[in-house]
Amino acid sequence: AVQAWGRLDVLDNNVGIGSKRSVVEETLEEWNRVMQVNLTSMMLASKYAIPAMVDSGDGGAIVNVSSISALRPRGLTAYSTSKGAVMALTRAMAVDHGSQGIRVNCVAPGPVYTPMVSAHGMAPDLRDKRRAASVLGIEGTGWDIGNTVLYLSSSLARYMTGQVLVVDGG
């Protein structure tokens, strides 16, 4: 980005893999893999993005994507734990880099229908259950999350940092 456009303004840390095992069933190798992909990758991307944002002269915005599973776990222990750590990383980075003009916020999506979900297939009755679980009675999509990331990346959110926005239809 810096080579192509001379600056870096936004980093969207959006990555995630899961594991369905409990802490007793989980292997150390899989636990470490989930943490590396879901948390360490965000730390490393931020480690190199923040100096580029500072060098641009007017800071920047980082949006980390966590999950509702960090706030309301239902199994997926390694995944939920890693996404909870993303929330803590968000708040710590906001404190560490706010004075440099870097805003760091987090989105915690609820169940949304995305290409990744559809690729694995989802029975219509399960989609109906997810829709019914939403207070709004609708199914979220990747666009709902993307629009929230866009907002947090923009100057409209210039007075927000260290926040976790839950986007789950209520």
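## Basis of the values

The model is predicted; local features need pLDDT of at least 70, side-chain atom pairs count only at pLDDT 80 or more, and totals for chains, interfaces and linings use all residues. Residues are numbered from 1 along each chain as its sequence is written, and side-chain values use heavy atoms, with hydrogens and water left out.

## Helix H3

Helix H3 covers residues 77-97. Helices (H or I, at least four residues) and strands (E, at least two) are DSSP runs, numbered from the N terminus. H3 has 21 residues and spans 30 Å from its first C-alpha to its last, close to the expected 30 Å; the expected span is 1.5 Å times one less than the number of residues.

Buried means under 20% relative accessible area, exposed over 50%, and partly exposed in between (1.4 Å probe, protein chains only). Among the buried residues of H3 are Tyr 79, Lys 83, Val 86, Met 87 and His 97. The buried residues of H3 pack against helix H2 (28-55) and against strands S2 (60-65), S3 (102-109) and S6 (164-167).

## Ser 66

Ser 66 lies in the loop between S2 and H3. With a relative accessible area of 4%, Ser 66 is buried. Contact means heavy atoms within 4.5 Å. Leaving out residues up to four places away in sequence, Ser 66 touches residues including Tyr 79, Lys 83, Met 87 and Cys 106.

A polar atom of the Ser 66 side chain is 2.7 Å from the backbone oxygen of Lys 83. A polar contact is a pair of N or O atoms within 3.5 Å; within protein, one must be able to donate a hydrogen and the other to accept it, and residues adjacent in sequence count only if both atoms are side-chain atoms.

Thr 148 belongs to helix H6 (residues 142-153). Thr 148 counts as buried because its relative accessibility is 14%. A polar atom of its side chain is 3.0 Å from the backbone oxygen of Asp 144. Apart from neighbours within four places in sequence, Thr 148 is in contact with Val 107, Leu 165 and Val 167.

Leu 126 is in helix H5 (residues 124-133). At 40% relative accessibility, Leu 126 is partly exposed. Its C-alpha is 23 Å from that of Gly 146, 20 residues apart along the chain.

## Rings

The charged end of Lys 47 sits over the ring of Tyr 48, 5.9 Å from the ring centre. The rule requires NZ of Lys or CZ of Arg within 6 Å of the ring centre and within 35 degrees of the ring normal.
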